[in-house]
Amino acid sequence: MSPAPGRPALTVVVVYPDLLGTYGDGGNGLVLTRRAAWRGIDAALVNAPSDRPLPRGDVYCLGGGEDGPQVRASTSLIAEGTLARAVDDGAVLLAVCAGFQLVGRSFPDASDRSHPGLGLLDVTTRKGTGPRAVGEVVAAFDHRAPGGPGGVPLPRLTGFENHGGVTTLGPEAVPLASVVTGVGNGGGDGTEGAWSGRVVGTYLHGPVLARNVALADLLLTWALGGDVTLPLEPLDDTEEDALRTERLSADPGHGAAPTSGRRRRR
Amino acid sequence: MSVPVRQRLSARAATAVLAAGTVNRLSRLLGRGNGTVIGGRTGLAVDPGLLATLATGRRVALVSGTNGKTTTTGMLVRALDDGSAVATNRTGANMPAGHVAALIGDRDAATAVLEVDEGYLGQVTGATRPRVVVLLNLSRDQLDRIAEVRMLAERWRTALGGLPPGREGDAPTVVVANADDPMVAWAATDAPGVRWVGAGQVWQHDAVGCPACGGRIGFDDDGGWRCDSCDFARPERSAWLEGHDLVLADGRRYPLEIGLPGQFNRANAAMVAVAASAMPPLPGRPPVEVGTALERLSTLEEVAGRFSTVRRHGRDVRLLLAKNPAGWTAIFDLLDESDHRSPVVLSVNARVADGHDPSWLWDVPFERLARRTVVATGERCRDLAVRLRYAEVDHRTVEDPLAALDAAVDGPGDGAGPDGPVPPVEFLGNYTAFATLRSRL
C-alpha cells in the first residue's frame, strides 16, 4: 500500500515523552527515523505528548519512566485506544522498561498496587523482592525470536537495565533473548524481553536501538513491508559497531550494583 | 572576630575529631590526596553525632539541587564574605563525611555554607539546624544511583515539613526555593518559612506530571505554571529574574552584573542574594543586603575550576562542567552567548560519580552544535560519537581527553581569519571527565 499524498512513507511516534522520557529512550525514535531517512525514505518523527490524542503512526516507541507517570500513561493509552487499534492494524511497537511493563497484562505501582496494562504482550510484572536490577546487560536472541532479513539471527543485544520489576511471560509471548550477563526479566528463567507479532518489549536502555542497529533495521523492515525493496540498503555503521564492540566486552560488574543503600522502584 | 563558636566536645566527639585528623595526616603522607573525606568518614564512624556537634553554635546555610550546587555554594560564601571566616566544602564533597571534614577544617568559623547531595538533605538538615536552605532545582541525574525526581521531591518535602516553626527570638529556618520549578515548590510547600524566588528553569521535562495529584502541569511563557487537575500552582514570588535583572516584590530592581557567565549563573546569583539577605547577621555586624551580596559576586569568576580559562599552546581554553541533560542544555545556552566560532570538545565518562548509564546523552540537544567544530572524547566517547551521528553533528572522536583538546587547540578556529582574534576552545565535560582533564593540565 503506498502512502497517502503528503503523508510520509514512515511515521515514527515517540509516545508520551513527557511521562515516559526519563531514561533517554526517545533516542529509539530518532535512530529509526534517521536510519530510514539516510536510505532516502521519507520519514517523520513525532513526539506525542500525553495531553493530546495519540497520532497514527507506523512505529510506536514507549520508554522508561517513573511510577506515577507510568500509571498515568497506561490509563490514558487504555482510555483513548489509538495504540491498541494501531497495533491491531499492523503497526510496529517497541516498548522499553516501564513501557514494556505497561503493554503487558498488569504491572505494580510504587505501593505495589497492581494496575491493568494494555495487554498487547502476554506478560505480567510484579514487584521484585531483591535489589533493583541495575547494570550492563548482554543477551543472545532467543532461537524463537524474530530473525533479520533473510532469517539470519540478529547479533547479541547490549543495553543497560535499571528496574525493580520482575516480568513473567505467558504462553502467547516469546522471550526476546536469553541473558548472558545481567538480570533481564528477572523471573529466574534467564529471559530478557518478550515479543509477539510486531510488538517487542525489552528492559534495555542505551537507547537499545542505538546500541543494536540490527534490531532497529528489523523494526524498519517490518514497518516498511510492501513499500520498499527489502532488505534495506546497508549503512556505514562504523561508529555503532565500535560502541557495540566496546559494550559487549565491557566488564559485566561495571555498574551492576548501586553504590549506596538507596533504592528506587522501576 | 565575633563571639567564639568553638564547640564543646564530648569525650567521644573529641576522639572522633582526633581520629579524623590522624587519618587525614596519614592520607597526605601516603600521597592519597588531602584525605578530607576519608577523615570525615572516620570521624563519623567514631561518633555518628559528630556533624551535629560540629555545627552547634554556628549559623549554617545549606545548598542543594540537581544543578549548580557547587557554584552556588561558592557564590554564597563570597556573598557572605565580610572578612570573617566561613567553613565550606569547596571541593564538592557533599555528603556528611565531607561536611564533617569542612567543619573540622575550620573549627572557629562562625558561619558554615555547605553544599548537600540531594539524597542527604533531610539527614544534614536534621543534624545542622540550618538558618537557610537553598533549593535550586530538581531534574534527572545519575538515574542508576540517585532516586527519580518525584521520590527525591517527596523526601525533601518530608524533611522540610518537619522543620520546627520559629519560637520567640528564634526565627524558623528560611527555605529559599526556586518557585519556577514545580518539584522544588512541591518539596518546600510545607516548610515553615519560605522565600520563593522565580529563578527560571531551563529544563521542564521532568516536571510535567503533577507531584500533588498526578495531573498535568502546564507552563506559560514567563515561567508560570499550574496543574490542570488540582490547585497546585506557582507560589507567590518574593523575588524574580527579569532578563538580566533581579526584581524584588517591593519594586527594587538590581542588575545582575556578576563575574560568572550565563543565564543559569544569574539565576544562581538571584538565589544567593536572597539567601544572603535571609541569613541572621553575626553579632555586631550588619545584615547583608541584596545589593551588597550582588556586588561581592561581581568579582567571582570561577568556582572549583568551573568556568575558568587556561592557556594551552598559546590558546585560551574555557573549562565547563555539566552532568545531566538540564546542565548540558544550560551550557549550550551559554555557548550561544559566546563566540560562535569556538571549537567544542565534549568529554563524557560513566564512572560511579557520573552514573553508569550514559543514555541521558540522548536527552541532550546536541543538534544545537551542528555548525561547530566538535571533538568527542572521554571514556564513553563511543556513546557520544553515536549520539552525535544521529544528531547529524560532524565530529571527530579522540579517546584521550588531552589529545582531543590539543586536536581542537591546534586546529584552526572556525572562520577565524588572519585578522580576527582566535576564538577560545570550549571544553565541556561531565563530572569525572572534567576533574580528570583539570588534573592533567
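**Note on the two-chain model**

1. Start with helix H14 of chain B, residues 431-440. Its buried residues are B:Tyr431, B:Ala433, B:Phe434 and B:Leu437. Buried means that 20 or more other C-beta atoms lie within 10 Å of the residue's own; exposed means 12 or fewer, and partly exposed is in between, with C-beta atoms placed from the backbone. The cover over the buried residues of H14(B) includes strand S13 (315-321), strand S14 (344-347), helix H13 (401-410) and strand S17 (425-429) of chain B. Helices (H or I, at least four residues) and strands (E, at least two) are DSSP runs, numbered from the N terminus.

2. A word on the basis. This is a predicted model: local features need pLDDT of at least 70, side-chain atom pairs count only at pLDDT 80 or more, and totals for chains, interfaces and linings use all residues. Residues are numbered from 1 along each chain as its sequence is written, while chains are lettered from A and ligands numbered from 1 in the order in which they are written.

3. Domains of chain B. There is a domain 1 (11-297) and a domain 2 (309-440); such bounds come from an automatic or database domain assignment. Taken over C-alpha atoms, the centres of domain 1 and domain 2 of chain B are 29 Å apart. Across the boundary, 15 residues of domain 1 of chain B are in contact with 15 residues of domain 2 of chain B. The domain 1 side of this contact in chain B holds five nonpolar, six polar and four charged residues. Contact requires C-beta atoms, placed from the backbone, within 7 Å. For the classes, Ala, Val, Leu, Ile, Met, Phe, Trp, Tyr, Cys and Pro count as nonpolar, Asp, Glu, Lys and Arg as charged, and the others, Gly among them, as polar.

4. Helices H9 and H10 of chain B. H9 (residues 263-278) and H10 (residues 290-297) of chain B have axes that come within 8 Å and cross at roughly 130 degrees. H9(B) and H10(B) are therefore oblique to each other. Angles under 35 degrees count as roughly parallel, over 145 as roughly antiparallel, 65 to 115 as roughly perpendicular and the rest as oblique. Axes are lines fitted to C-alpha atoms, for helices over the stretch in contact, and angles run from 0 to 180 degrees between N-to-C directions. H9(B) contributes B:Ala269, B:Val272, B:Ala273, B:Ala276 and B:Ser277, which meet B:Val290, B:Ala293, B:Leu294 and B:Leu297 of H10(B). This contact of H9(B) with H10(B) has eight nonpolar, one polar and no charged residues.

5. Helices H6 and H7 of chain B. H6 (residues 121-128) and H7 (residues 149-161) of chain B pack at about 15 degrees, with axes 9 Å apart. H6(B) and H7(B) are therefore roughly parallel. From H6(B) come B:Leu121, B:Gly122 and B:Thr125; from H7(B) come B:Arg155, B:Trp156, B:Thr158 and B:Ala159. The contact of H6(B) with H7(B) divides into three nonpolar, three polar and one charged.

6. Chain A overall. Its secondary structure comes to seven helices and 13 strands. Of the 266 residues of chain A, 54% count as buried. Among contacts in chain A with a separation of 6 or more, 73% join residues 24 or more positions apart.

7. One buried strand residue. A:Leu169 is in strand S10 (residues 165-169) of chain A. A:Leu169 counts as buried because it has 22 C-beta neighbours inside 10 Å. Leaving out residues up to four places away in sequence, A:Leu169 touches A:Asp122, A:Val123, A:Pro175, A:Thr191 and A:Ala194.

8. Backbone points to check by eye. The peptide bond from A:Gly206 to A:Pro207 is cis, with omega near -10 degrees. A:Pro207 sits in the loop between strand S13 (199-202) and helix H5 (208-211) of chain A. A:Asp112 is not glycine, yet its phi is positive, near 70 degrees. A:Asp112 counts as exposed, with 9 C-beta neighbours inside 10 Å. B:Glu392 also has a positive phi, near 55 degrees. B:Glu392 lies in the loop between helix H12 (381-390) and strand S16 (396-397) of chain B.

9. The chain interface. Here 36 residues of chain A are in contact with 28 residues of chain B. On the chain A side, H7(A) gives the largest share, five residues. That side of chain A divides into 12 nonpolar, 14 polar and 10 charged residues.

Conventions: Contact = placed C-beta atoms within 7 Å.
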